[in-house]
Amino acid sequence: MSDEVKVVLSEKDIPTAWYNIQADLPEPLPPPINPATKEPIGPEALAPIFPMALIQQEVSQEKWIDIPGEVIDIYRLWRPSPLYRARNLEKALDTPAEIYYKWEGVSPAGSHKPNTAIAQAYYNKAEGVKRLSTETGAGQWGSALSLATCLFGLECTVYMVRVSYDQKPYRKSMMHTWGAEVFPSPTDRTNAGRAVLAKDPDCLGSLGIAISEAVEDAATREDTKYSLGSVLNHVLLHQTVVGLEAKKQFEAIGKYPDVLIGCAGGGSNFAGFAFPFLADALTKGKKMTVTAVEPTACPTMTKGPKRYDFGDTAMTTPLLMMHTLGHTFIPPGIHAGGLRYHGMAPLVSHLIDLGFIEPVAYHQNPVFEAVIKFARTEGFILAPETAHAVKATIDAALEAKKAGQKRVIVFNNSGHGHFDLGSYDAYLAKQLEDFELPQSTIDEALKEVPVV
Ligand SMILES: *Cc1c(COP(=O)(O)O)cnc(C)c1O
């Protein structure tokens, strides 16, 4: 009964509805506001860049939102994803804790990101959109959206942060394989990009800049909408297939996790995994520890205050209430661990404030040390982002050992690292530097955050 290594569901166990945590919040989420008027925005403000179905999901208070059949049909290519028990890691740590992970690396793009990319492409296609524009950092989101647009017969244009475009050529190859066009951002194709290049022709780019370019592209073309891979409510909603499946898998083995862990860049894989469990904390008072992990080089949750801020550098988005390092933040070039966005999903930020989520930050060397221990016990080579969750998991398992407690720990294994081996090489060659973003840099960037 309980000596399984992986818990596998069948295709008929793929969830048929996404879970919307907004229905269960003890206090409603502060709404997005218009930067000029400081009033809450209406749906019409988002209509030039998003299809109406997604705008409705963004503000929906319905607890369950049906997943369209055509989306489920594509989910069937890799869903349900397996839940593993990390028995070899448990043994290596000599811990009484049980360690599990939900493995999202089985998707064609290698991460959780297609869970929302497929849904977004579907709704855009249904509303007659011909082309999607987006940004990508390391390339995981760009490749996921390229896959999704390819399967639905849409065109796709990706603005890829320049430093990744140069350093991670194979993700670009994936996007090209799925038929997308890819430009290194900042580009000279948009006003936002040209403005940055005028100040700094060698700019390495940032997610904030690439978002500005992709939004401008969509806003200025009739046939095009914009697609975002994290942060927004509808993105987190689509990712709840992960947690809903994981809950069923724990049910199947008669267990319930005590500790849930995910890495958080914009917050989508963490939220999609944790929210269906947090539903039990919100509605039934169930006790659990839910940890969101970030790098000390981009400490959005642990050091960024919760403020209304722009989602992008050029200040074109509505203001979102979120933990932020300021929309002008550009992450240090020496950081190899991903998770570089300046903000955090409003829903995750809200639940941190309400005390349901505990954020922690780790330096990149201990993070890589942990993920290499994982590779040498469990075999899988994970994304540097995911590595943050592994570090927190190992710490939780060692804490359980110290306390002599048989805790059940689970982390969301958000993707593989087969295109991130340069970071592994750098770690193994002892070339990674730990970097703590100085408070003075944060204070400086926060001066640019609008006063509301
Ligand atoms: C994009 C990505 C993340 C970070 O994004 P979130 O929106 O915070 O989930 C984490 N892990 C992997 C593998 C990713 O591709």
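This is a predicted model: local features need pLDDT of at least 70, side-chain atom pairs count only at pLDDT 80 or more; totals for chains, interfaces and linings use all residues.
Visitor: Which strand does β10 pair with, and in what sense?
Guide: β10 pairs with strand β11 (residues 289-295) in the parallel sense, over 5 bridges. Two strands count as paired if DSSP finds at least two bridges between them. Strands here are DSSP runs (E, at least two residues) and helices are runs of H or I (at least four residues), numbered from the N terminus. Residues are numbered from 1 along each chain as its sequence is written, and side-chain values use heavy atoms, with hydrogens and water left out.

Visitor: Okay, and what stands opposite Gly-262?
Guide: That's Ala-292 in β11.

Visitor: Is β10 mostly covered or mostly open?
Guide: Mostly covered: 5 of the 5 residues in β10 (residues 259-263) are buried, meaning under 20% relative accessible area with a 1.4 Å probe, protein chains only. Val-259, Ile-261 and Cys-263 are buried on one side, and Leu-260 and Gly-262 on the other.

Visitor: What's the strand order in the sheet?
Guide: The order is β1-β4-β5-β15-β10-β11-β14, an open sheet of 7 strands with mixed pairing. At the edges are β1 (6-7) and β14 (358-362), each pairing on one side only.

Visitor: How do β4 and β5 run?
Guide: Antiparallel, with 3 bridges joining β4 (residues 83-85) to β5 (residues 98-103). Tyr-84 stands opposite Tyr-101 in β5.

Visitor: New topic. Where is Thr-224?
Guide: Thr-224 is in strand β9 (residues 224-226).

Visitor: Buried or exposed?
Guide: Thr-224 counts as buried because its relative accessible area is 1%.

Visitor: Which side chains make polar contacts with the side chain of Thr-224?
Guide: The side chain of Arg-131 does, at 2.8 Å, and so does that of Asp-223, at 2.7 Å. A polar contact is a pair of N or O atoms within 3.5 Å; within protein, one must be able to donate a hydrogen and the other to accept it, and residues adjacent in sequence count only if both atoms are side-chain atoms.

Visitor: What else is Thr-224 in contact with?
Guide: Leaving aside neighbours within four places in sequence, its contacts (heavy atoms within 4.5 Å) include Pro-48, Val-129, Leu-132 and Ala-218.

Visitor: How many cavities are there?
Guide: The count is 2 cavities of 30 Å³ or more. On a 1 Å grid over the protein atoms alone, a cavity is a set of points where a 1.4 Å probe fits but cannot get out, and a pocket is an open set with protein on both sides within 12 Å along at least five of seven lines; lining residues have an atom within 4 Å of a point.

Visitor: What's the volume of the largest cavity, and what lines it?
Guide: The largest cavity holds about 50 Å³. Its lining includes Tyr-19, Gln-57 and Phe-275, and helix α11 (residues 233-252) gives the most, with 3 residues.

Visitor: And the second largest cavity?
Guide: About 40 Å³ for that one. Among the residues lining the second largest cavity are Pro-295, His-335 and Asp-434.

Visitor: What about the second largest pocket?
Guide: The second largest pocket has about 440 Å³ of space. It is lined by 27 residues, with Leu-46, Ile-49, Thr-316, Thr-317 and Pro-318 nearest its centre. The largest share of that lining, 4 residues, comes from α10.

Technical notes:
Grid points are joined across faces, edges and corners, and a volume is the space filled by probe spheres set on the points. Buried means under 20% relative accessible area, exposed over 50%, partly exposed in between (1.4 Å probe, protein chains only).
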